[in-house]
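Have the structure open while you read.

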Amino acid sequence: MSQNLLISINDVTTGYENQPVLSHINLTIRQNDFIGIIGPNGGGKTTLLKLILGQLSPWSGKVIYHNDVRNYIGYLPQYNRIDKQFPIRIEEVVLSGLQSQKRIWGRYTKTDRMKAEEIMKRCGIAHIAQHNIGSASGGELQRALLCRALISQPKLLVLDEPNTFVDNQFEKELYQLLKEVNAQMAIVMVSHDLGTITSYVKTIACVNRNLHYHHSNIITQEQLYSYDCPILLITHGNVPHTVLDKHV
């Protein structure tokens, strides 16, 4: 059983300066998990991702990385954290996902560039490989960042609102691609698009200071209330959609 463990978060409390954000949370990530992270703004979703990525240390409790996973994590950040003025080509963005495997100033090989070309073709951006990121649309840049996250063939893929600024066609392609790569790696994804992600994720974690893990991709309004997770109600049918809770 321990062979398929990737990350164990055990009774962790953490935050920023003197302000706690997450309190006594527990979460286990295993190979081929596909976990959807939901919760209100300010509830700690991004803080949880920083904890998983090793960018934030616990105040108490432990984060344990198993099977060398810390060196094999792919990350797709929120779109608004990317500086589009930085002078770099799309291909270089994708190749930068291999940087952790290179020595300082190590050059990219022909094999590296073939990997980049293959994955850019898969995501539909091979034709703009030599374009500067400043000329890329929001959807094109998201595709490039996804390629960067996947090129190193990680054991865990972490995505923070991956469907932001993407067109409807790529949104469908994105989720289908994630479903396919989930056969090779675990995925942890933050999203507000609950009606769609519940068709793809396997389990759900509600984060609002505390963390409540739900061993299913179906969650009811009553469960959300019990988790103190004030978000939109998910309804299931032929067309995924959401229904607003009662409000004044």
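Counting a disulfide as a pair of cysteine sulfur atoms within 2.5 Å, the tally here is zero. This is a predicted model, where local features need pLDDT of at least 70, side-chain atom pairs count only at pLDDT 80 or more, and totals for chains, interfaces and linings use all residues. Residues are numbered from 1 along each chain as its sequence is written, and side-chain values use heavy atoms, with hydrogens and water left out.

**Cysteines**
- Cysteine 147 is in no disulfide, and its nearest cysteine sulfur, on cysteine 123, sits 3.6 Å away.
- Cysteine 147 is buried at 0% relative accessible area (buried is under 20%, exposed over 50%, partly exposed in between, with a 1.4 Å probe and protein chains only).

**Aromatic pair**
- There's one aromatic pair (ring centres within 6.5 Å, using the six-membered ring for Trp; planes under 30 degrees apart are stacked, over 60 edge-to-face, the rest tilted).
- Tyrosine 175 and tyrosine 200 have ring centres 5.1 Å apart and planes at 20 degrees, so they count as stacked.
- Tyrosine 175 is buried at 1% relative accessibility, while tyrosine 200 is partly exposed at 26%.

**Nonpolar core**
- The largest nonpolar core has 44 residues, with Leu146, Leu178 and Met189 touching the most other members (a core is a set of buried Ala, Val, Leu, Ile, Met, Phe, Trp, Tyr and Cys residues joined through side-chain atoms within 4.5 Å).
- Leucine 146 touches Leu76, Cys123, Leu159, Phe170, Leu174 and Leu177, leaving aside residues up to four places away in sequence (contact means heavy atoms within 4.5 Å).
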